[in-house]
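Reader: I would like a close look at one part of this protein, the charged side chains and what surrounds them. Please go through them one at a time and give the cut-offs as you go.

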Amino acid sequence: MVKAYLRYEAANVFGVVTSQESNISFDNTGKLVLSGALEELAVWNVKQGICVKKLVQSTASGPQSAVTSIACMPSSISTVASGYGDGSIRIWDIVKGTCETTLNGHKGATTALRYNKTGSLLASGSKDTDIIIWDAVGEAGLFRLRGHRDQVTDLVFLESGKKLVSSSKDNFLRVWDLDTQHCIQIVMGHHSEIWSIDVDPQEHFLVTGSADQELRVYHIHLDMHEQPSTALDAKVADPENIENDTVRQSKWEVLIYTGEIKRQSKDRVVTARFNCIGSLLACQVAGKVVEIYRVLDEKEALKKAKRRTRRKREKALKKAGKETADESGDPSEKLEDGLGGYSASDVFQFLHTLRTKHKIRSISFCPIQPKKGLMGILALSLHNNALEVYEVGEELSAHKHAINLPGHGSDIRSLVLSSDNTLLMSTSHNLVKIWNPSTCSCLRTMEAGYGLCGCFVPGNRYAVVGTKSGTLEIFDIGAGERLKSIEAHSASVWSLVPTVDGSGFISGSADNDVKFWEYEILEESGQESKQLSARNVRTLKMTEDVLVVRISPTGTHIAVALLDNTIKVFFVDSLKFFLSLYGHKLPVLCMDISSDGDLLVSGSADKNLKIWGLDFGDCHRSLFAHADSVTAVQFVRNTHYMFSVGKDRLVKYWDADKFELLLTLEGHHAEVWCLAVSSHGDFIVTGSHDRSIRRWDRTEEPFFIEEEREKRLDSMFESGLDDTTDGQFGFREDVPEEGAVGFAGKKTQETVTATDSIIEALDTAEAEIDRLQQHEEEMKNGLKTRFQSNVMMLGLSPSAYILRAVSAVRTNDLEQALLALPFTDALKLFSFLKEWISGGNKVELVCRVAMLLLQIHHHQLISTPSARAILTSLQDVLRSRVKGCKDILGFNIAAMDHLKQLLAERSDAPFKEAKSKLMDIRVRLSKRIDGEAKSDKKRQKRHKKFHKIHDGNPGKKIHDGA
């Protein structure tokens, strides 16, 4: 009989505040901060320091990609777009916590996302060098823009001119016209990769940042024939190139170089952003610094420009003499007459530098302007897995809030479960954290040395941690403090294992010593309380560095892994040598002994697992386990099943009796360092370089080895379906055609399935039509038979059945589904379009299908005689129906404009200020809700106090009642 096993599945991820690959963003209320936490989109309330929601696509099969970019829709308080490492984009409702749609188009990681001001369009840039414009309302791709030769780093919309500006690592800025879908300007000037661009809310300036020592500033000129809207637009020009406007003859030149802003730091620019009103510019560099610049208004910039020209004139007077200066005239007069201009240094004034203790990964300005006395609120994501919020003032930036307790700031190097599985201890560079593994909440955070290993003291009230410096640190878990630090070894303590009787533990170190310790209670002089300590009772000297120590469950043998690739086994009582296990080509990094003491499994840097028998020391089997070093291995208690983890990011489940791989668990985004299996085997916990701790639960679902092999083969086939990228975040190999425009979608397994369903529906409908015709001929011939329709068509007519199949295809997948449709099936589909549009319900869908099929099969359609009649009949009906829909939309828009005018006449608040009024209403509403919550809490406190008083004195209560 074939043996069945129980499946392990991913249950929870915790310990990640913000990941390094993604940017952060405030939501439109200014209360929440959105950050990418590996594959999850985390929503943080920074003021309260809690995670409100974690958004993850639970239905996705297989490993999920990490969040790489985030953008909030300006016109909505709940809609957020997030880009992922596999090129997909998901639209979330953060209030409901649901994924509205998934957009597939990119073949590389999504590196830039930006909404336009109305929220109707979403632009995305990727490592595949393409830019895709998405219809955010219709949830479909509009077109793909190609032209960049390297990764797209940032995008920004120019609303008034329907333009898009993109930056890339190819050192170029490109300006795209969204109406013509072509690049209209290529801006050069940077000597290195352009990493970030942004435009102020009034669309006067565009600022770009790269590895150069200055920020480049461009003036935005959207129409040659358009009059400047403000005096600032009229006067901004390069003072050293005053004839700039006369030289510029082409109306396609949208960006005009204005000047440079000298930066304070020498590191490259990572992010440059304006605040919500355009009064501040923040420049984040690749380090611990954010440079804050103030954007001066027109009067202040004019004064600064006058002072600059006056100083120029004084220098000219000293250098050339007064006569020459008189002949040249007064530059300040020219400036006042509007003949001169501003430079970038006149408009942008350096305020101060914001410095942090750790490297900064991303910044985001709060969209709500703060109270008086503050210029802005800035959120930072840091390299140490933390979020911080600063209040930006005129002189300095003050630290306001921080979120760093829910996770480790560096790699998680060891995980240990308590004996009853209620506590989990994790160690990292400078912290020891105690977790509840069932709720995934952090219970205690304690400062420590660089913890490499640890164990719980019997009773689970204390814990011992071995550090990189060679000390043993004892912690009181209840008090959350370090009790004692013992100088145990002269080098790193790599392994700690408790003894079988619970009276002590054994430590192994790089100083070649294996030491046996016993717990003891000491009374400190001058203190009444007693403290737990440990003393060394025995020492086993080795010839090489000790990497791993394990003791058999029976307490008879101790196994020691050494740096010379061998494992030595000794008797515990006499410390006499018993066995030497030799076979690994590189040092053994981990090992474990089964509960019955029969098997020892060892994992090495040579990527292999070896299963040994402890009776004679023979190697039962050597397994090629991981694609990189095996970092941890552990048996499930009372079984010969085992788990292994490695630097290849995988967790693997093995049967040590059959030497078979049972399961491969994918989820981590970096090297997995440690592993802990519960005493009952119902869950396991893994820790990784990506700072995440993952819990995997055993389910009741059985599986068989052969089925898992077939699934692995199927997944390999599906992964090669459209594999044109080199790795997860790889580049495209082909160079895009200059100025090319393509379809926005991407071929996926869903689009292939959609194509198959349409073809199947067409074949079923064609067979049904043939049966209907045959039945009609039989009726004409006098054979009165009853027609039995196909049950698979669900009682629908052939035309309605095909329409049902086409409508079931997701909007974003329709292009690629029709692209894979053969011409013969496309011709069949054309024959049904007239019947569909005559019903009048699916005009938009029919128009889209017709246009896509015409674009794809244009040459074959015009050369096929049978297609002409179909296209001719469709032409008139399609035009009339589209015209009718257009008239209805125009009528509705005109009616809404009329209503808007009527309401504006009756109200004191005109609609032109609707957005600011709406934001004010939202702020007032949120304040009122907060106030009501506070008043409810006060009311509850008074209520409790009232009951306490009356419950404590019942006699008084009776007296008062009398």
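Author: What follows takes the charged residues, then the nonpolar cores, then the cysteines.

This is a predicted model, in which local features need pLDDT of at least 70 and side-chain atom pairs count only at pLDDT 80 or more, while totals for chains, interfaces and linings use all residues. Residues are numbered from 1 along each chain as its sequence is written, and side-chain values use heavy atoms, with hydrogens and water left out.

Start with Asp592, which sits in strand β46, residues 588-593. Helices (H or I, at least four residues) and strands (E, at least two) are DSSP runs, numbered from the N terminus. Asp592 is buried but has no salt bridge. Buried means under 20% relative accessible area, exposed over 50%, and partly exposed in between (1.4 Å probe, protein chains only). A salt bridge is a side-chain nitrogen of Lys or Arg within 4 Å of a carboxyl oxygen of Asp or Glu. The nearest side chain of opposite charge to Asp592 is Arg550, 4.0 Å away; for charge, Lys and Arg count as positive and Asp and Glu as negative, with His and the chain ends not counted. The side chain of Asp592 does reach the backbone nitrogen of Phe635, at 2.8 Å. Not counting residues up to four places away in sequence, Asp592 touches Arg550, Leu599, Leu600, Val601, Val633, Gln634 and Phe635, where contact means heavy atoms within 4.5 Å.

Elsewhere charges do pair: the structure holds 29 salt bridges. One of them joins the side chains of Arg216 and Glu260, at 3.6 Å from N to O. Arg216 lies in strand β20 (residues 214-220) and Glu260 in strand β21 (residues 255-262), so this pair ties together parts that are 44 residues apart in sequence. Arg216 is buried, at 11% relative accessible area, whereas Glu260 is partly exposed, at 29%.

Another salt bridge links Arg535 and Glu520, at 3.5 Å from N to O. Arg535 belongs to strand β41 (residues 530-541) and Glu520 to strand β40 (residues 513-523), so the parts tied together are 15 residues apart in sequence. Arg535 is partly exposed at 40% relative accessibility, and Glu520 is partly exposed at 22%.

Asp825 and Lys828 also meet in a salt bridge, at 3.7 Å from N to O. Both lie in helix α11, three residues apart, about one turn of the helix. Asp825 is buried, at 7% relative accessible area, and Lys828 is partly exposed, at 25%. Finally, Arg7, Glu701, Glu708 and Lys711 are linked in a network of salt bridges.

Helix α11 leads on to the largest nonpolar core, which has 35 residues; α11 gives the most to this core, with nine residues. A nonpolar core is a set of buried Ala, Val, Leu, Ile, Met, Phe, Trp, Tyr and Cys residues joined through side-chain atoms within 4.5 Å. Those with the most contacts inside this core are Val806, Leu818, Leu829, Trp836 and Val849. Leaving aside neighbours within four places in sequence, Val849 is in contact with Val806, Leu814, Leu818, Leu829 and Leu833. Apart from this core lies another, of 19 residues, among them Leu662, Leu675, Trp696 and Ile705.

As for cysteines, a search of the whole structure finds zero disulfides, a disulfide being a pair of cysteine sulfur atoms within 2.5 Å. Cys442 is partly exposed at 28% relative accessibility, and Cys619 is partly exposed at 37%.

Notes. Polar contact = N/O pair within 3.5 Å; in protein donor to acceptor, adjacent residues only side chain to side chain.
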